[in-house]
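Good morning, colleagues. I shall take you through a few local features of one model, and I would ask you to keep the structure in view as we proceed.

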Amino acid sequence: MIILDHAILAKTRAEEHDADVWGKFFIPPYFHKLGLKSATKATYIVGKRGCGKTMLLKYMDYHTAFSPRRNVIPNDELKHVGIYWRVDTQFCNSLKSRGLDETEWISVFESYFSLVVSVEIIRATRAIAESAYQNFTEADFAKLKFSCATDFHPDFPTVPSELEKFLEGRRRLFSTWASNMSSMTKPLLPPGRAFIDALILDLKNTPALKDIAFYVYVDEVENLVPYQRRVLNSYLKHSQKPFIVSFTSKELSGESATTGPESVNATHDFRLIALDEQLDEQSWNVFFAEVYLANLDLAAGNENGYFIQSVLSPDGLVKRQVDVYRAQTLKTIRARFPSKTSKELAKDALEEPRIERILIERIDRALMKKKTKIKVDTFIEFKNVPEALVIVPALLNRSTQTPERVIEELEKYRCDGTGAFETTWVHNNLVGALLELYRPYQSICPIYSGFDTFCTMASNNLRHFLILAYKALEVTELLDGDVDIFAIDIQAKAAYEAADKLIDEIKTFGEYGERLRMFVLRLGGAFRGLQAQPAMSEPEQNQFTINSGRALSQEEVRFMREAMKYAILIEQLETKTKGAAGRDTVDYQLNPIYAPYFQISYRRKRKIEVSVEDFHILALGTEDEYRGFCSRLIKDDSSPAITSQQMGLW
């Protein structure tokens, strides 16, 4: 039996990896399209949480490009020396007000940025010397001098290691001053861009480094204070080799001003790249499969495995686009995460005595309401068409259907597969009916199984897919199951546990974190309440649209933006339609990764319409207001009592 290193498989966030990810970063299929290494102007990369942007930046960073584990480094690697800088949000947010006007803070932040980048430039140069790069050695580094340093102050050292130590000391002193401004004199700091440009010029005057160019990637730029974004916008706007500053964020920053009279412009000043939009759905699925299977190779210590060798180098991208390779990859992963059709799941459900008992009770209850003489046994005779039988309770609870009509249609369907069951009833109601049959089991519903289902729930989010897959492995090992083929019920349990974990994580999402978590619980609870209605006239509701009422308030707009930024809601732009007033109306889907927690559909199907006031209640209202909203939403008096937990009132 192969022993897997779970520490590797459990790393689902880029922050859990070291700065050097050589041999651990899997080249995405769109890598060549990004053109990052050959860029001559700034790049702005946007992508939701979990799309892979941070891991991409770590791959572009000098720690990886000049990794000690990289045996051969091409000569042109110097033309792109990446520096990944993740914003220290808490510290940067402290650099404002407190007795200084904004003009002074701009100067302070420029110096802080200069300190950060200058230290990294020196460290990157040392990394080049210590790497397998042949044209610049440790001996060359020992001879290097930054003669420009004394031009800025006679106390600045010129020897790289001494200058690095000096600048690090200044950075610590700067941090101390920032915390004790009223009792300390501001320390002498290097000026902003002028100091960086001078350091790079000294490097380029060394023949072996004449082609060197530095690319700074500022991650999570949206978390900076507005004046700080204006400072960095100035760097971005005027970026050119050998010093280019690029941004990444979850969404495009709304701050376009610079510290001068100009503004940044996406057409002229930077290339905008939306990582979420680089692949079609099928290509995302193939990439998810590659990442999981390559991680299995790594976890098993098989560094020469088929998949790990395929994804580690950009040279393998051509082979990975071949249809035969893609088909084989999907075949391999689907064998590990098997699935069943909804009809097969219906058959399995009726073979479970507890599920069959629930079905019989619901049919019997519906017949009693109809006050008919037809007995439940008449319907149970149709067990040989389980996909039809499981939706009978919903049909019988509809005022438009009679028991006689349902039996007549069952006969047609059993006889030759025709009639209403064949045309609409099964297609529209089967998944919803299965969800309701399994609802008493809480954490296990088999519709949340299969590789393709996991991909749909992950919604192009690699991290979410890896969490689902790792949970399946974790649950299997706890139950001593087969780790090569995950059973349907194991996958379903994993999906529930992943959703539970991710909902709990929401409270860490910025200033609205706890409110966003409650919003998800409320919205999911409302959809669950709708799903629980016996008639199930509108099954699989998991979207909403705001179609009436006043304009959104500023706080409501901010809340919606946060929900979108963290992909709690997915805006379905392709379903835009004109509202009654001639304005665009947009559908918002609750992220399907949360669906197993509420036992609602993960598929994008039906929506509800809410007013602005209803949205306010879901987002910011009290629990009593939410109860009132649910009471208005779920109008069916025949529906069983909806519990507080079902409505999200935890």
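Predicted model: local features only at pLDDT ≥ 70, side-chain atom pairs only at ≥ 80, totals over all residues.

Strand E7 provides the largest share of the lining of the second largest pocket, namely six residues. Sorted by class, the lining holds 17 nonpolar, nine polar and 13 charged residues. The space in this pocket amounts to about 1,100 Å³.

H27 spans residues 554–565, and the loop that joins strand E6 (541–548) to this helix contains Ala-551. Is Ala-551 buried or exposed? Its relative accessible area is 64%, and because exposed means over 50%, Ala-551 is classed as exposed. Leaving aside residues up to four places away in sequence, Ala-551 touches Glu-556 and Val-612. Val-612 is 61 residues from Ala-551 in sequence, yet their C-alpha atoms are 7.2 Å apart.

The axes of H17 (residues 353–370) and H22 (residues 420–438) come within 9 Å and cross at roughly 110 degrees. Angles of 65 to 115 degrees count as roughly perpendicular, so H17 and H22 are roughly perpendicular to each other. On the H17 side, Ile-355, Ile-358, Leu-359 and Arg-362 meet Glu-436, Leu-437 and Tyr-438 of H22. This contact has five nonpolar and two charged residues, with no polar ones.

Conventions
Residues numbered from 1 in each chain as written. Heavy atoms only, no water. Helix = DSSP H or I, 4+ residues; strand = E, 2+ residues; numbered from the N terminus. Buried < 20%, exposed > 50% of the residue type's maximum accessible area, 1.4 Å probe, protein only. Contact = heavy atoms within 4.5 Å. Axes fitted to C-alpha atoms, helices over the stretch in contact; angles between N-to-C directions. Parallel < 35°, antiparallel > 145°, perpendicular 65-115°, else oblique. Nonpolar A, V, L, I, M, F, W, Y, C, P; charged D, E, K, R; others polar. 1 Å grid on protein atoms, 1.4 Å probe; cavity = no way out; pocket = protein on both sides within 12 Å on 5 of 7 lines; lining within 4 Å. Points joined across faces, edges and corners; volume = space filled by probe spheres on them.
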